[in-house]
Every structure is written in structure tokens, then in C-alpha cells.
Amino acid sequence: MSALGRNMMIVVIAATNPSFENRIMNAHTMNRIEVVYRVARFGFLLALGVLALSALFATGAPVRTDNSSNPNAVATDTTSLKPPDKGHIPVAFLISDGAVVIDFCGPWEVFQDVMIPGSAQMPFRLYTVAEAKKPIRTSGGMQIIPDYTIQNAPPPKVIVIPAQSAPSPAVLDWIRKSSKTTDATMSVCTGAFVLAKTGLLNGKSATTYHGAFERFAIQFPTVQLKRGARFVENGNLATAGGLSSGIDLALRVVERYFGREVARKTAYNMEYQGEGWMNPDSNQLYATSPISTAEHPLCTVCGMDVDPKNAPKSIFKGATYYFCSEDDKKTFDVAPDKFINAVTPRSAVSGSSN
């Protein structure tokens, strides 16, 4: 019992249990002043008891915070998800060429390892979906033949969208239609770009890979970017940070379906010791962008380290900007002002004209 609870009991007992001396006092000898005193004393102690009870309820009530004071504050959707009474929870992994392996294989491992106490049935049914039924080359050269196409895939309750190639209008339409009935549509890493292109994130908050913050903010100004978030939830939509963040978001989905202990046991069985799934703010290391200098320049588009001796570069308004790739250089050259305004002073390497 808490100290507050014990104190409350003491107050109530004191208020309702007059002393033995008072109980045996002859009522006929009690003068009017004593009556008034005892009534006032009883009322005062009873009021203390009510105040203590109010404090007890106040400490147990959830505290609402105003995220406007912290633009990177992350709100989580605490709504539990209801698994079906029978059968599996269908999970669709949407992939295309260039899909990053850990982005979808990490969550795949999470969902496949979930076990419910007292049940011999694995709760999730996993399958891959692509625009066409042809081999797909993922990151590192892994080849995958999708289980289904967007035309014949079973209706999913969970969709996982990893980083991958640019989606076609047909793929975006499939995401929009399928998300009308999903419990969770989640992106991982720059899969957030795919989800944002559907328009479903407009007016909502989201996160993505830290090296894509600037590009995402420029490309989707109607989405509130949360830097330093491990994941962000908005109803049935959720976005994870880069790479391994998808494991945490998947564990979070498991927690919403089956509770924290099932999620914790899943992480234990995987020998996964990360606890980001319990703390959406745990990516604060990436909340602040590093500073680019002439000695240690960073890519103006993605923020990664570059070697100025052989990195692609552009000169704009007397300053030299370096890039990780020719694609990043082309992205910058189309609208350099947007990037400079978005990332100054991080990306400008002033005084260099190499």
C-alpha cells in the first residue's frame, strides 16, 4: 500500500472513530460548546479524507502534455488492437526493386516469432506483395519472388512498407485502399516516402531515416517531420526511423495486439536487447544534424560523410557543396535554394571553391 493510501486510511479512521472517552460520555452532560467543537472537528477531518482521496485519483490519472513546446515530441497511439477470435492476422510486406533487407526482414522476424501462451498457433500470417509476380532484387542482390501481386493479395490487417524504389500509381492506390481496413500500415526507413506519396500522412506527423530528413521535409511540407523519433503512430498509420527501427515498430504492433509481456518475450527469444519499442523518443541521437565543415564536409542532401577528393560537388553562390552520389547532386541542382534554406548551416562549406 502506498504512503498516500495509508495516510488516507488514518484520516478516515480518525474522522469516524471518536475516542473511547467521548463514547462513554453522558450525552446529557455534554454542553452545547462541546457539540459544536466535535461537529467541526469531524467535518475538518472528513474534508482531509476527501482531499486525500482526490489526490490519490489525481496521481493515477494520465497526464496530457502539450507537444507544441517541443516540435520533436512524439505521441504514441495507446489504443490496443484486437486480434481475431480465430485465424491469423495477415501481414503484407510490400516490396519492389531495391527494397532494403533489414527494413522488411527485421519486422518479418518479429512477427514470425510471436507466440501466445496457451496457443499452439502462430498468430501472424506473413506474405510478400509486389506490383508484378516477377523476381525482385533487394539490397545486396538478394532475389525474391513475391507471393502475391497487388491484384490478388489477401486483404491485410498489417502492411509493412520498407525503403524501396519509387512506387507506381497502382501501388499507391493499393496502399490507400488496403489501409482503409488495416489495423496498422507501417513504413520503415525511407518507406515513409512511399507512404507519404499516398497522401495518407497529410496533416499528420511522421519520421524517416535520419539521412533523409531534409529531403522528406522539402518533398512533403504538409507532413510534420519528427526528428529523433524511433517511431511515430497516428491511428492505423505508423512510421519508423531507419533500418533497425522497423524491429521496434513491429514489436510495438505486437504489444498493441497482445500486450507488453508477449512483446517482451518475443524480443527475448530473438535475443534482441533494444528497448526502443517501449520508447518512441529513443532516437534523440538523430534529432540534431551534424555540422558540415571544410575539413569534414557532409552530403548536402543526406547528411552523410563524404570524401571531398572524389565526391560529386556543385558550386552555388560561391560555396561548394558535396554529395554522396550523382543522384544526390542532381536532386540538389534542381532546387539548391530549398536545400540550403532547409539545412543551413549544416551543409554549406563556405569559403571553398575547389
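Visitor: What percentage of the residues in the chain is buried?
Guide: This is a predicted model. The chain has 354 residues. Buried here means under 20% relative accessible area. By that cut-off, the buried share is 44%.

Visitor: How many helices and strands are there in the chain?
Guide: Both kinds of element occur in this predicted chain. The count is 11 helices and 13 strands.

Visitor: What share of the contacts in the chain between residues at least 6 apart in sequence joins residues at least 24 apart?
Guide: Begin with contacts between residues at least 6 apart in sequence. Then keep those that join residues at least 24 apart. Their share is 63%.

Visitor: Which residues have the most contacts inside the largest nonpolar core?
Guide: The largest nonpolar core has 38 residues. Strand S1 (89–94), helix H4 (101–113) and strand S2 (124–130) are among the elements that give it two or more residues. Inside the core, the most contacts belong to Phe-111 and Phe-124.

Visitor: Which element gives the largest share of this core?
Guide: Helix H8 (245–258) and helix H9 (260–269) are among the elements that give two or more residues to the core. The largest share is seven residues. Those seven come from H8.

Visitor: How many residues of H8 are buried?
Guide: H8 reaches 20 Å from its first C-alpha to its last, close to the 20 Å expected at 1.5 Å a residue. H8 itself is mostly covered. Of its 14 residues, the number buried is 13.

Visitor: Which residues are buried in H4?
Guide: H4 has 13 residues and reaches 18 Å from its first C-alpha to its last. That is close to the 18 Å expected at 1.5 Å a residue. Its buried residues are Val-101, Asp-103, Phe-104, Gly-106, Pro-107, Val-110, Phe-111 and Asp-113.

Visitor: Which residues lie nearest the centre of the largest pocket?
Guide: The largest pocket has a volume of about 560 Å³. Its lining has 12 nonpolar, eight polar and four charged residues. Helix H6 (191–197), helix H7 (213–219) and helix H10 (326–334) each supply at least two residues of that lining. Nearest the centre are Thr-190, Phe-193, Arg-215, Asp-328 and Thr-331.

Visitor: Is Glu-271 buried or exposed?
Guide: Glu-271 sits in the loop between H9 and S12. Its phi is positive, about 55 degrees, although it is not a glycine. Most residues other than glycine have a negative phi. With a relative accessible area of 70%, Glu-271 is exposed.

Visitor: Why does Lys-317 count as exposed?
Guide: Lys-317 lies in the loop between S12 and strand S13 (319–322). Its phi is positive too, near 50 degrees. The cut-off for exposed is over 50% relative accessible area. Lys-317 counts as exposed because its relative accessibility is 69%.

Visitor: How many Å apart in space are Glu-295 and Pro-308, C-alpha to C-alpha?
Guide: Glu-295 is found in the loop between H9 and strand S12 (313–316). At 62% relative accessibility, Glu-295 counts as exposed. Glu-295 and Pro-308 are 13 residues apart in sequence. In space, C-alpha to C-alpha, they are apart by 8.8 Å.

Terms used
Residues numbered from 1 in each chain as written. Predicted model: local features only at pLDDT ≥ 70, side-chain atom pairs only at ≥ 80, totals over all residues. Heavy atoms only, no water. 1 Å grid on protein atoms, 1.4 Å probe; cavity = no way out; pocket = protein on both sides within 12 Å on 5 of 7 lines; lining within 4 Å. Points joined across faces, edges and corners; volume = space filled by probe spheres on them. Helix = DSSP H or I, 4+ residues; strand = E, 2+ residues; numbered from the N terminus. Nonpolar A, V, L, I, M, F, W, Y, C, P; charged D, E, K, R; others polar. Core = buried A, V, L, I, M, F, W, Y, C linked by side-chain atoms within 4.5 Å. Buried < 20%, exposed > 50% of the residue type's maximum accessible area, 1.4 Å probe, protein only. Expected span 1.5 Å × (residues − 1). Contact = heavy atoms within 4.5 Å.
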